[in-house]
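Student: Hi, I have a structure open and would like to talk it through. Could we go over it together?
Tutor: Happy to, let's have a look.

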Amino acid sequence: MPEWASTLIVIACVLAAFLLMWTGWRRRGRRDAGLVPSHAVPAQLDAPVVAANVLHAATTRHQQPLERVLAAGLSFRANGSLAVHREGVVLRLDGAEDIWIDRSAVVGARPAQVAIDKAVERDGLLALAWNLGPTTLDSYFRVLEPEKSVELYDAIDSLTPATPAESEV
């Protein structure tokens, strides 16, 4: 076989791989088109109970850390801040509109280690579980101010109603 033939085969395989990735991304985008988080942050919010700088690692379907969701503003990794108020959570990510998660939509928070393409030390990620319409999502954050992690967990837990038979977040 001539050299140019093997080169063409490799180029065709690389192009096919890129085409399949692009097709998969577009399908996922169509599947998640209805998942639009609220960008209407209330004008009159109390001061945050706690706020911290974070790295948004990913947002996935609940308890499915490898199932990325393409919701507006949550599709990609970004630096930002997470502010927990008595009324809910404000997520400010670089390059995206602020996202408002009302208190009634917050399910809870738990430590995590893996989310899609981000793996860290044990309990190195904060997984915020919340409802977006009928879908429950997990947003994974790397808290860049580790001394505020416990405060974040406590503040998020204070937003959720305490029930004795509560399922694991």
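Student: Quick one to start: is Glu145 buried or exposed?
Tutor: Glu145 counts as buried, at 18% relative accessibility. Here buried means under 20% relative accessible area, exposed means over 50%, and partly exposed lies in between, with a 1.4 Å probe and protein chains only. Before we go on, note that this is a predicted model, where local features need pLDDT of at least 70, side-chain atom pairs count only at pLDDT 80 or more, and totals for chains, interfaces and linings use all residues. Residues are numbered from 1 along each chain as its sequence is written, and side-chain values use heavy atoms, with hydrogens and water left out.

Student: Which residue does Glu145 form a salt bridge with?
Tutor: The partner is Lys148, and the closest N and O atoms are 3.7 Å apart. A salt bridge here is a side-chain nitrogen of Lys or Arg within 4 Å of a carboxyl oxygen of Asp or Glu. Lys148 counts as partly exposed, at 24% relative accessibility.

Student: How many salt bridges are there in the whole structure?
Tutor: The search finds six. One of them joins Asp46 and Arg86, with the closest N and O atoms 2.0 Å apart. Asp46 sits in the loop between α1 (3–31) and β1 (50–61), and Arg86 in the loop between β3 (78–85) and β4 (88–93), so this pair ties together parts that are 40 residues apart in sequence. Helices (H or I, at least four residues) and strands (E, at least two) are DSSP runs, numbered from the N terminus.

Student: And what is the relative accessible area of Arg86?
Tutor: For Arg86 the value is 53%, which makes the residue exposed. Asp46 is partly exposed at 29%.

Student: Which residue meets Asp138 in a salt bridge?
Tutor: That would be Arg110, at 3.1 Å from N to O. Asp138 is in strand β10 (residues 135–143) and Arg110 in strand β6 (residues 106–112), so the pair links parts 28 residues apart in sequence. Asp138 is buried, at 0% relative accessibility, and Arg110 is buried too, at 17%.

Student: Changing topic: how many residues are in the largest nonpolar core?
Tutor: It has 30 residues, and those with the most contacts inside it are Val84, Val89, Ile101, Leu126, Leu128 and Leu152. A nonpolar core is a set of buried Ala, Val, Leu, Ile, Met, Phe, Trp, Tyr and Cys residues joined through side-chain atoms within 4.5 Å. The elements giving two or more residues to this core are β1, β3, β4, β5 (99–102), β6, β9 (125–132), β10 and α2 (149–159). The largest share, five residues, comes from α2.

Student: What does Val84 touch?
Tutor: Leaving out residues up to four places away in sequence, Val84 touches Pro48, Val49, Val50, Val89, Leu152, Ala155, Ile156 and Leu159. Contact means heavy atoms within 4.5 Å.

Student: Back to α2, then. Which of its residues are buried?
Tutor: Ser149, Leu152, Tyr153, Ala155, Ile156 and Leu159 are buried in α2. Seen down the helix axis, they fall within an arc of 165 degrees, so they line one face of α2. That arc is taken from the directions from the helix axis to the C-beta atoms.

Student: Which strands do they pack against?
Tutor: The buried residues of α2 pack against β1, β3, β4, β6, β9 and β10.

Student: Last one: how many helices and strands does the protein chain have?
Tutor: There are two helices and 10 strands, and the pattern along the sequence is α-β-β-β-β-β-β-β-β-β-β-α. The C-alpha atoms fill a box of roughly 70 × 35 × 35 Å, taken along the principal axes. Buried residues make up 40% of the 169 residues in the chain.
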